[in-house]
Every structure is written in structure tokens, then in C-alpha cells.
Amino acid sequence: MAFDKENIIEQIKEASITDLNDLVSAIEEEFGVSAAAPVAAGGAAGGADAGAKDSFDVELASSGDQKVKAIKVVREITGLGLKDAKDLVDNAPSIVKEGVSEDEANEIKEKLEEVGAGINLK
């Protein structure tokens with residue numbers, strides 16, 4: 001059986017968030033696995049920088065008064081389609097991107113704040 005990785009990747013790029021969610025659920029059920037990210041136990045970290053955070057979640061707190069521009073920026077950052085990006089902005093507060101570096105989180109925050117959106121880094 002030939003496995004056409006490039007074709008599968010192209011199909012995934014074109015899929016909606018709903019379709020991708022259904023795909024993940026089907027894969028989890030078929031193979032008995034979970035796509036949930038493992039959660040690290042707190043308090044076990046050592047070293048001088050134990051309190052330093054190395055990944056951030058960017059939360060859209062509010063779209064501001066330039067909602068259309070906020071949707072455009074969200075699409076640029078996430079690669080979402082128009083409907084999914086609009087839903088994300090309309091349902092603020094919502095997570096725009098998870099587990100990003102501090103530099104990337106600050107870059108995303110700056111782009112969204114330029115169009116008047118309220119942003120929280122978690």
C-alpha cells in the first residue's frame with residue numbers, strides 16, 4: 001500500500017477546523033490513542049530558572065473596535081479560514097495560539113494590538 005504523505009498534508013491544509021476535529025476523534029477511536037498534550041507535574045522542576053516560562057498561550061481577550069482587521073490578523077497568524085477566524089474573534093475570550101515561544105507570543109500580541117484587540121499571554 002502506497003502512502004502519499006504530500007497528498008494527505010495538502011488535504012489537511014484545506015480542511016476546516018471542524019473537519020480536522022472529526023479526523024482527530026476518528027483517529028483516537030480507531031487506534032485507541034489520545035491527541036491531548038501531556039501535562040507536566042508541577043513542583044518537580046529544578047535549576048535556577050525553574051520559574052521561567054518557556055511556552056505561552058496567546059488569548060484574544062477582545063476584538064476591539066476594528067473587528068474585521070482583527071479577523072484578518074487572526075487568519076494570518078493561525079492559517080484558519082474566514083469562518084473559523086471570525087468565530088474565534090466573535091467568541092472572545094479565546095485562545096489564538098497555544099504553546100508558542102515568548103518571542104512569537106510577543107510578536108502575535110503586537111500584531112493584534114495594532115488593530116485594537118485586547119490580548120493576554122498565559
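## A briefing on a predicted chain

Proline 93 sits in the loop between helix H4 (82–90) and strand E2. This is a predicted model, in which local features need pLDDT of at least 70, side-chain atom pairs count only at pLDDT 80 or more, and totals for chains, interfaces and linings use all residues. Residues are numbered from 1 along each chain as its sequence is written, and side-chain values use heavy atoms, with hydrogens and water left out. Let's start with the overall layout and then visit some residues.

**The chain as a whole**

- The chain has 5 helices and 3 strands; helices (H or I, at least four residues) and strands (E, at least two) are DSSP runs, numbered from the N terminus.
- Of the 122 residues in the chain, 20% are buried, where buried means under 20% relative accessible area, exposed means over 50%, and partly exposed lies in between (1.4 Å probe, protein chains only).
- The accessible surface of the chain is about 8,800 Å², and carbon and sulfur atoms account for 51% of that surface. Accessible areas come from the Shrake-Rupley method with a 1.4 Å probe, and for residues only the protein chains shown count as cover.
- Take the contacts between residues at least 6 apart in sequence: 68% of them join residues at least 24 apart. Here, contact means heavy atoms within 4.5 Å.

**The sheet**

- The 3 strands form an open sheet in the order E2-E1-E3, with antiparallel pairing; two strands pair if DSSP finds at least two bridges between them.
- Strand E2 (94–100) and strand E3 (118–121) are the edge strands, each pairing on one side only.
- On average, neighbouring strands of this sheet are turned by 20 degrees against each other, direction ignored. The axes behind such angles are lines fitted to C-alpha atoms, for helices over the stretch in contact, and angles run from 0 to 180 degrees between N-to-C directions.
- E1 and E3 run antiparallel and are joined by 4 bridges. You can look for leucine 60, whose bridge partner in E3 is isoleucine 119.

- Serine 63 lies in the loop between strand E1 (56–62) and helix H3 (67–78).
- With a relative accessible area of 14%, serine 63 is buried.
- Apart from neighbours within four places in sequence, serine 63 is in contact with Ala70, Val89, Val115, Gly116 and Ala117.
- Back at proline 93, a cis peptide bond joins alanine 92 and proline 93, with omega at about 5 degrees.
- In general, most peptide bonds are trans.

- The structure holds 8 salt bridges, a salt bridge being a side-chain nitrogen of Lys or Arg within 4 Å of a carboxyl oxygen of Asp or Glu.
- One of them pairs glutamate 59 with lysine 122, and the closest N and O atoms are 3.4 Å apart.
- This pair links distant parts of the chain, as glutamate 59 is in strand E1 and lysine 122 is in the segment after E3, 63 residues apart.
- Glutamate 59 counts as buried at 11% relative accessibility, while lysine 122 counts as partly exposed at 45%.

- Lysine 83 is in helix H4 and is exposed, with a relative accessible area of 60%.
- Lysine 83 forms a salt bridge with aspartate 87, where the closest N and O atoms are 3.0 Å apart.
- Both aspartate 87 and lysine 83 lie in helix H4, 4 residues apart, which is about one turn of the helix. Aspartate 87 is partly exposed at 29% relative accessible area.
- For another distance to check, lysine 83 and isoleucine 71 are 12 residues apart in sequence and 9.4 Å apart in space, C-alpha to C-alpha.
- Aspartate 90 forms a salt bridge with lysine 86, with the closest N and O atoms 2.6 Å apart.
- Aspartate 90 and lysine 86 are separated by about one helical turn because they are 4 residues apart in helix H4.
- Aspartate 90 is partly exposed at 31% relative accessible area, and lysine 86 counts as partly exposed at 39%.
- Salt bridges that share partners join Lys67, Lys86 and Asp90 into one network.
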